[in-house]
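Me: I am new to this structure and would like to learn how to read its features one at a time. Could you take me through them?

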Amino acid sequence: MMAIPQKIKDEMSTRRRDFHKYPESGWAEFRTTAVIAGILTKAGWKVRFAKDFIDPDEVMGYTIDPKRERARAAAQGADKKILTKIGDYTGLTALLDTGKKGPVTIFRFDIDCVDTDEARDTEHLPAREGFASVNPGCMHACGHDGHTAVGLALAEMLSEAKDRLRGKIRLIFQPAEEGVRGGYAMSMAGVADDADYFIAMHLGLGKPTGSVFGGTGGFLCSTKFDADFRGVGAHAGGEPERGKNALLAAAAAAVNMHAIAPHSGGATRVNVGVLNAGEGRNVVPPNAHMKIETRGESDALASYVYAKAKEVIYGAAQMYDVDVSISKQGETITAESDRKLAAVIMKAAENSEGVTQREEYRAMAGSDDACWFMRRVQERRGLATYVGIGAATAAGHHNNRFDFDETAMTIALEVLLNSALLLNGEK
């Protein structure tokens with residue numbers, strides 16, 4: 001096992017705060033990708049950008065303007081030479097080949113932010129210490145800035161330990177986890193198909209600093225989709241009968257989607273996250289746009305609630321005599337961690353400084369598109385697990401006051417590093 005030098009700990013914090021200050025939404029992580037690529041290349045890893053392997057037909061929820069996002073990344077310090085290599089798709093993989101026979105182990109780190117505005121008052125530590133988001137509507141409110149910093153530190157330490165390793169280690173820095181989009185596109189590209197071991201990691205998850213769980217299961221399947229209602233505008237006072245009210249249709253759909261009957265087969269969820277409609281107080285609203293998600297405990301339950309949501313939307317459109325279109329923006333499945341690999345994580349955590357509580361397995365109430373990788377690896381007889389690293393937080397995930405205890409990054413780094421040494425260390 002390897003101790004974590006103070007220099008690495010300090011660098012992790014510096015990088016995490018840099019990523020936190022410049023958050024980027026799904027498929028727009030050009031600055032983040034460029035910074036990652038520069039560090040990995042310097043550390044001796046072979047980098048492949050997503051444009052070199054992603055099939056555009058497998059990409060969901062790509063709504064950004066890449067030219068505009070690249071320009072912002074350059075203005076915020078991204079290396080312009082690296083930006084030209086990235087293309088239109090963010091994220092990358094990096095390979096460390098020891099040249100010795102052994103397993104292929106893959107670590108996945110998500111790099112995107114949440115679409116929310118960060119708190120600005122001085123009670124919020126990032127605001128008080130000067131690393132709060134400078135990008136409106138973007139905030140690292142889920143810990144992905146920490147995941148990325150841990151992944152880079154892991155890469156540097158594995159490079160230093162290369163002589164002690166065998167086989168191959170691949171790192172996946174994945175875009176667009178929020179909205180469950182990037183995991184599907186990257187997994188369908190086959191970047192994890194050769195894995196003997198696949199490990200994803202998340203900080204926080206409602207557990208205190210010092211706690212580690214080696215495997216997670218019970219992820220909810222989820223579908224993210226938009227609905228666009230198109231009615232007819234009219235003078236609200238002079239001739240309201242000539243209008244077709246898209247706002248009322250969307251409002252009826254929103255209320256009734258939240259009344260979808262629960263299912264005896266297990267848990268389901270529905271959430272209307274955004275409803276924008278109308279043009280002016282004296283205009284019958286001719287348009288409405290909704291962003292919605294549904295979730296289910298299994299593939300069947302996810303299909304049930306998604307189908308019911310669409311029925312409600314089409315019914316509301318018919319009731320108000322407006323048109324509506326539905327477009328899927330993201331999707332993920334469920335997966336279960338392999339207990340055998342979770343046990344390896346537990347052994348790695350046993351020898352990691354700062355770990356005070358270990359659980360081999362914990363159920364998850366949320367969703368994560370790492371499940372696409374996990375299922376695909378397992379179908380090819382590899383082992384996969386989703387590791388939880390507890391971290392005290394100032395507020396819950398996706399809250400605009402979210403912040404986490406940075407000491408948890410050192411625990412995460414040591415657990416993952418020890419896991420790599422157990423799996424790929426020379427026998």
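Predicted model: local features only at pLDDT ≥ 70, side-chain atom pairs only at ≥ 80, totals over all residues.

Reply: Residues are numbered from 1 along each chain as its sequence is written, and side-chain values use heavy atoms, with hydrogens and water left out.

Me: Is Thr-93 buried or exposed?

Reply: Buried means under 20% relative accessible area, exposed over 50%, and partly exposed in between, with a 1.4 Å probe and protein chains only. Thr-93 counts as buried because its relative accessibility is 4%. Thr-93 sits in strand β2 (residues 92-97), where strands (E, at least two residues) and helices (H or I, at least four) are DSSP runs numbered from the N terminus.

Me: Where does Asp-10 lie, and how exposed is Asp-10?

Reply: Asp-10 belongs to helix α1 (residues 6-21) and is partly exposed, with a relative accessible area of 44%.

Me: In what order do the strands of the open sheet run?

Reply: Two strands pair if DSSP finds at least two bridges between them. Here four strands form an open sheet in the order β8-β9-β7-β10, with antiparallel pairing. The edge strands, β8 and β10 (323-332), each pair on one side only. β7 and β9 are joined over ten bridges, and Phe-225 has Ile-292 in β9 as its bridge partner. Helix α8 (residues 246-257) packs on this sheet, touching β7, β8 and β9, and its direction makes about 15° with that of β9; axes are lines fitted to C-alpha atoms, for helices over the stretch in contact, and angles run from 0 to 180 degrees between N-to-C directions.

Me: Which residues lie nearest the centre of the largest pocket?

Reply: Rolling a probe the size of a water molecule over the atoms shows where empty space is left. A pocket is an open set of points on a 1 Å grid over the protein atoms alone, where a 1.4 Å probe fits, with protein on both sides within 12 Å along at least five of seven lines; lining residues have an atom within 4 Å of a point. The largest pocket is lined by 37 residues, and Glu-178, Gly-179, Lys-224, Glu-293 and His-398 lie nearest its centre. The largest share of the lining, four residues, comes from β9.

Conventions. Contact = heavy atoms within 4.5 Å.
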